Amino acid sequence: MTTSWTEEPLPHNTYEDPTHRPPLVTGGHTNHSITERVCSIVENPPTKAWYVAFAISFSVLGLLGLMIGYLVITGTGVWGVNNPVGWGYAIINFVFWVGIGHAGTLISAILFLCRQKWRTGINRAAEAMTIFAVICAGTFPGIHVGRAWFAYWMFPLPNQMEMWPNFRSPLLWDVFAVSTYFTISLLFWYMGMIPDLATLRDRAKHPLRRFAYGLLSIGWSGSNRQWHVYERAYLILAALATPLVLSVHSVVSFDFAVAQLPGWHTTILPPYFVAGAIFSGFAMVVTLLVPCRHYFNLKDIITMRHLENMNKVIMLTGMIVGYAYATEFFIAWYGGNKTETFAFINRAFGPYGWSYWIMVSCNVISPQIFWFKKARTNLVIMFIVSIFVNIGMWFERFVIVISSLANDFLPSSWGYYRPTMIDVGTFVGSFGLFFTLFLLFCRFLPFIAMAEVKATMSEQRHAAHRDGHDGTGAPAHGSDQSAKPAGAAV
Amino acid sequence: MAGKQVIDVTTNRRHLEGLGTTGIGVGLVICVVGIILALIMNSVAGDGGHSEDHGDHSAATHEAGETHTDGHDKDAGHTDGHDGGEGAGGHGGGHGGHGYIDQYHWLHSYLMNFCYFTGIALAALFFVLLHHLAKAGWSTVVRRLAEGVAANIILMGLLSIPLLLWGDHVWLWLVEGAAEHDALLKSKEPFLNKTAWVVFTVAVFGIWSALVLVYRHFSIRQDVDGDVKHTHVLQKIAPPAMIFFALSITFFAFYYLMSLDAHWFSTIFGVLFFGGSLMAFMAFLTILCVILQKQGLLSTAITNDHYHDMGKLMFAFMVFWTYCAFSQYMLIWYGNIPEETGWFLLRQGGEQSIIPFTSDPTGWITFSLLFFVGHFFVPFFCILSRHVKRSKTALSVGAGWILFIHWVDMYYLVMPHVRSEHAITEQILIDVAFFLGIGGLFVAGTVFWLRQASLIAEKDPRLTESLAFENV
């Protein structure tokens, strides 16, 4: 183990040799040592650092409670929303958190369908992050309704007042899309954890722990028959979750795109939002995993190659987002609609121009550093870029929501939106909720999908074995043998 | 699960040899059949006195509003939400009430098939770039075939010449002085003008051709020396090439398809064209593999596991196309802004009822609805199952349908601009004739490129991995 989170033992497994796939687990691990390493996070008493982090997160969560309490007692007037900007921080934060909640299920479902074995090291933590981000996201529409105690009216519940939500409104579609996504993501996450929970159950010494993990692992015995059914179910859930990953942010984009407001009404918005969501989600995964892999001693499992791959995805999706910005700008001019053209020029050079340029520099320019392999494999740089992307993606939603609403068709109705301290406090508080949940996850649930990592290791051994027979041998990069994804599925 | 037996690629036939000549011959015969069919169509319907109709195109354009006296002008004039005499209306004026097999229709037919095959060749280039960008393994066995299909970009570049010469019969904004009477066209002049368009066409076809030749060159050189260095070089070029590809295919779609109605705009249009083309290319590649294997080539190298993956990509991009098409339609329908809805009204027979078969004399509403069913529901249920994707016969049927429906997609994009007032089936043979004409050349071109080298990347460092690939 290295002494600092910024250091990485060399050589790492990011070398490019087309004849061999580099190993996904380094450090000469055996199945047993993987179990020991991952379970120790949960089984050993928490470190001081964990307590400090938890204390801070929990305090910030308290801030969120205070802000929401004040809001509910007083009313949405405590926020900066007013005419003409009726959607302020709450919607921005909602879209921001939902976006972050895309990476986990993308990694676990879509990369699973694409047979990308490197997902196994990171999927568990990413999925957990997804669930918590969606919880944070769900908070905001709930409190934005004004009378939060009537938030359940968003669901089409039959009631004696014959009050129905407007089915033609994309805001209602959001309720369905996000709640479906949350349900499936939770199920998928939980199902993937069952074999690992059983491992924790079998190792538990305290009867309470044994009972709790026993309850959660619902009688998993690891029999052949159970594995067979389990893998079938996992595949089906992955196939069901895949369209959901794409649909959620598409529906979120409809909130804006179905309107006729310049800057909102454009046909590329759905795929552009999805790409942006993956972009921000991966950035958040990098933000979380870079320190976590150090503090939990997981550098052999969440290797540099995993991080490099994520950085490549960040770079790719960042450029897709850049493509969407450019296309929007071009069509705003090409369409010949003067208000549309104005909306875009106003975004870049109007009263909110500063936020536009924060967005462009963070989302489009900052990931360009990943053209250099040195940057892609440098922990400090990738951590900084991931923070930039998080900031940039928040500002993207700020630009879309605020600049279009503040300066629409009629100059006489223009205004300038200013958030209040309550707005800011609620947003900061949502990070408290997010990190509190994430720290609890680290503490009580298996951080790595042990069973899946072990499966890739056995493939790795099999491929190395076959290469040995071919007489080609593995490249001289440490003691690790190459892994070929083909030919040796378990 | 036991690993697959190691396949020895040298036991496969990997060169077209005599089959190459046959293949080129077949392609040229198809092309000649297409030309003959086109000539027959011309002589049958050519007596309508079309030649005098548009001696002066710009004059015809200005008259558009008046010449539409047959009751259809409402649709055409309405489409772009402006005065008659632009967009579809302008062309309508050209052919008046006569038989309309004229150069408008001919060139639209040509354009539609040109875009169809250019899209497939471009998607093949994308497939090759993506292979290197993602450092993919499984696709190594079919990459050489994709390189062969991609090389047809050079052919398509040559086939763009008729459009460059007579484009003003297709794109109204190319007509001399069209912008004088149209404030919107005037405002778009920096983009929609002849010089920019010609320069764009020459530049993108030039760069695409150069990319294809570079990728083929290093790939074939590796067959000889087996040097891993070539793979590294191609992987290095892939990321910037991909950026260029994304931008160029977008603007290609804007110029060649979206600007058919120069007033209409949609930000997703380029993505939509790309998605459909990639879907069609995966189908083309599948059928190419099946045909080659039927001829005893690459018999053990390409396995059901590879077909499975090709089927998956075909399916994925079919769904992706549907997703983009839905985004475009739903948002425009919901927004209901006149300058956007015109494009769809043209494809739905104007303001008529949208209930099929009720008031649809031209068949366009029915066509649009069937098109959507055929582009999503039919292939969705056809190739969803893994058993279908792992069966050559079943997957070829699905791939054949995909190729057909992508052709219908091009018809849907191009043809309403010249014949939305006419029955959908009227004179459809001319479109088939051009399909055969360009398609025959495309097939001959593919075989021409394929026969120059081995059908498989012989010494690619990832070939072993690809041969051993198992889709479990």
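Predicted model: local features only at pLDDT ≥ 70, side-chain atom pairs only at ≥ 80, totals over all residues.
I take contact to mean heavy atoms within 4.5 Å. Helices (H or I, at least four residues) and strands (E, at least two) are DSSP runs, numbered from the N terminus.

Residues are numbered from 1 along each chain as its sequence is written, chains are lettered from A and ligands numbered from 1 in the order in which they are written, and side-chain values use heavy atoms without hydrogens or water.

**Entry: H13 and H15, chain B**

I looked up which residues of H13(B) meet H15(B). On the H13(B) side I found Met314(B), Phe315(B), Met318(B), Val319(B), Trp321(B) and Thr322(B). Their partners in H15(B) are Phe371(B), Phe372(B), His375(B), Phe376(B), Pro379(B), Phe380(B) and Ile383(B).

H13(B) spans residues 304-335 and H15(B) residues 364-383; the two pack at about 150°, with axes 10 Å apart. Axes are lines fitted to C-alpha atoms over the stretch in contact, and angles run from 0 to 180 degrees between N-to-C directions. The two helices are therefore roughly antiparallel (over 145 degrees; under 35 is roughly parallel, 65 to 115 roughly perpendicular, the rest oblique). I note the crossing as left-handed, that is, the near helix is turned anticlockwise from the far one by less than a right angle.

**Entry: aromatic pairs**

I count 117 aromatic pairs over all chains. Rings of Phe, Tyr and Trp (its six-membered ring) pair if their centres lie within 6.5 Å; planes under 30 degrees apart are stacked, over 60 edge-to-face, the rest tilted.

Trp264(B) and Phe344(B) are edge-to-face, at 6.5 Å centre to centre and 85° between the planes. Trp264(B) sits in the loop between H11 (228-256) and H12 (269-294) of chain B, and Phe344(B), 80 residues apart from it, in H14 (residues 338-346). Trp264(B) has 1% relative accessibility and so counts as buried (under 20% relative accessible area; exposed is over 50%, partly exposed in between; 1.4 Å probe, protein chains only). Phe344(B) is buried too, at 7%.

I then checked Phe269(B) and Trp343(B), which are edge-to-face at 6.3 Å and 90°. Phe269(B) lies in H12 and Trp343(B) in H14 of chain B, 74 residues apart. Phe269(B) is buried at 2%, and Trp343(B) is buried at 2%.

Chain A has 16 helices and zero strands, and 57% of its 490 residues are buried. Of its contacts with a separation of 6 or more, I find 80% between residues 24 or more positions apart.

How many of the eleven residues of H4(A) are buried? Ten are, in a helix that runs over residues 103-113. Among them are Leu106(A), Ile107(A), Ile110(A) and Phe112(A). The buried residues pack against H3 (89-100), H5, H6 (170-203), H8 (224-257) and H9 (269-295) of chain A. Just after H4(A), I noted a positive phi of about 55° at Arg115(A).

Ile122(A) belongs to H5 (residues 119-144) of chain A and is buried at 0% relative accessibility. Beyond its neighbours within four places in sequence, Ile122(A) contacts Ile107(A), Leu289(A), Ile302(A), His306(A) and Met310(A). I also logged a C-alpha separation of 7.9 Å between Ile122(A) and Ala449(A), 327 residues apart along the chain.
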